[in-house]
Amino acid sequence: MFKRVLALIALACSLVELAYAQTENLKFVIRVDDILSRNTTILPRSIIPLQDSITSRGGKITWGVIPHRLIEPANVDGVLATELKASLSNGHEISLHGFVHICDKCKNAQGASPWGHEMYCTWFDLPFTYNEQNLLIEEGLKILSEEIGITPTSFIPPGHISDETTYEVLGDKNLLVFSDNTEAKYLNSNVFNLPINDEYTWALTDEAYEQNLTDALADIKSTAKETGVYGLMLHDPFIREGYQDAIVLRWMGELLDSLNTYYGDNIEYLTLTNAANAIKGEPVSIDEDPELPADFTLSQNFPNPFNPATQINFALEKPSRIKLLVYDIQGRMISALVNAQYTAGNHSITFNAGNLSSGVYIYTLTANGGTQTKFMTLVK
Ligand SMILES: [Zn+2]
Ligand SMILES: [Zn+2]
């Protein structure tokens, strides 16, 4: 018991310490997912203000473009396509972000929620075949080629959901850079995964502003100390309140000013493809617990990121009393999911985060005097 408490205190303390430690280098990737609104009434819908705010501080942006939206009514005036084209010449990147963000397998099913995913049906837990995924990716590439005149080099999975088949198609299509927060460093010999770390601007308001900025800075510095690279995500910029009243622009500006001051010449702003090329050969390690006890295994939760529920699987080699606890990134315990005797074998626990806000959470499994730790990301 005492040992367990010590291990948990050590975990909480190391997170706090990491947050304030000076770091050598940071490769910083800013990506903006879900570019192009399908909402015809919300204005402004220009990428220029956000881009200018980031560019003026040295930043590079990877625009995660949903191809189909380029040909939807809200965007047929071509204004955003023209802006995106221009941004390429300033060193920014356009990434293929799925095709349409509506799942073909559940879009006609009553009560289903087909939005967001399309390479794997999370509603019915059904995979798409190679041919089905290949078609989505081909159609997406065709639209980007016709409307913007580019062939992207990176892929961002819609809804952050993909599977082995997705990686195969990507390899065959020469989309060799992939961005997700799966644990895989190299998904196969070709496709390189550059993980995202977090999203802070999804629902940014005045009240959440300061805490959110403090949390982001701490998170970026601690992650950079561990891995040297951080991927920050922004989402659906044109339909969020924070973009319309410019809070996100102010927040991004303050964040980058602070990082520039802290890292000086040691911060390097890169697009997804730049970053993947720069760190190939020095894979990003997100292995938080190298000393794994032999008698149990804690798996990465699935799906991840998740909203609002996810499965946490673990395997016990012998009957054990276990504790499965969930913490926030500040080390505060959020939930004691399990505290009970379990039989040997595989077990699956559902974690429901319905009342929590978006962010990174930590889960730890303690059994037989050993603890294993993993991270999971709630994206609402
Ligand atoms: Zn998306
Ligand atoms: Zn579906």
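Two strands pair if DSSP finds at least two bridges between them. The model shown in these views is predicted.

**View 1. Strand β12 pairs with β13 in the antiparallel sense.**
The pairing of β12 with β13 (residues 309-316) runs over 3 bridges. One facing pair can be picked out here: Leu298 stands opposite Phe314 of β13.

**View 2. Strands β12, β13 and β16 form an open sheet.**
The order of the 3 strands is β12-β13-β16. Their pairing is antiparallel. Which strands form the edges? They are β12 (296-298) and β16 (345-352). Each edge strand pairs on one side only. Neighbouring strands of this sheet are turned by 20° against each other on average, with direction ignored.

**View 3. Strand β1 is largely enclosed by the rest of the structure.**
β1 spans residues 26-35. How many of its residues are buried? The count is 10 of 10, so the strand is largely enclosed. The cut-off behind this reasoning is 20 or more other C-beta atoms within 10 Å of a residue's own.

**View 4. Strand β1 runs parallel to β10 and to β11.**
β10 covers residues 229-235 and is joined to β1 by 7 bridges. β11 covers residues 267-269 and is joined to β1 by 3 bridges. In β10, Val229 stands opposite Lys27. In β11, the bridge partner of Lys27 is Glu268.

**View 5. Strand β2 pairs with β1 in the parallel sense.**
β2 is made up of residues 61-65. Its pairing with β1 counts 4 bridges. Which residue of β2 is the bridge partner of Val32? That partner is Trp63.

**View 6. Helix α5 has buried residues along one face.**
The helix covers residues 164-172. Thr166, Tyr167, Val169 and Leu170 are buried in α5. Why do the buried residues line one face of the helix? Seen down the axis of α5, they fall within an arc of 165°, so they share one face.

**View 7. Several elements cover the buried residues of helix α5.**
Among these elements is the helix α4 (130-147). The cover also includes two strands, β6 (154-155) and β7 (177-178).

Key
Residues are numbered from 1 along each chain as its sequence is written. Chains are lettered from A and ligands numbered from 1 in the order in which they are written. This is a predicted model: local features need pLDDT of at least 70, side-chain atom pairs count only at pLDDT 80 or more; totals for chains, interfaces and linings use all residues. Axes are lines fitted to C-alpha atoms, for helices over the stretch in contact, and angles run from 0 to 180 degrees between N-to-C directions. A residue is buried if 20 or more other C-beta atoms lie within 10 Å of its own, exposed if 12 or fewer, and partly exposed in between; C-beta atoms are placed from the backbone. The arc is that of the directions from the helix axis to the C-beta atoms. Two residues are in contact if their C-beta atoms, placed from the backbone, lie within 7 Å.
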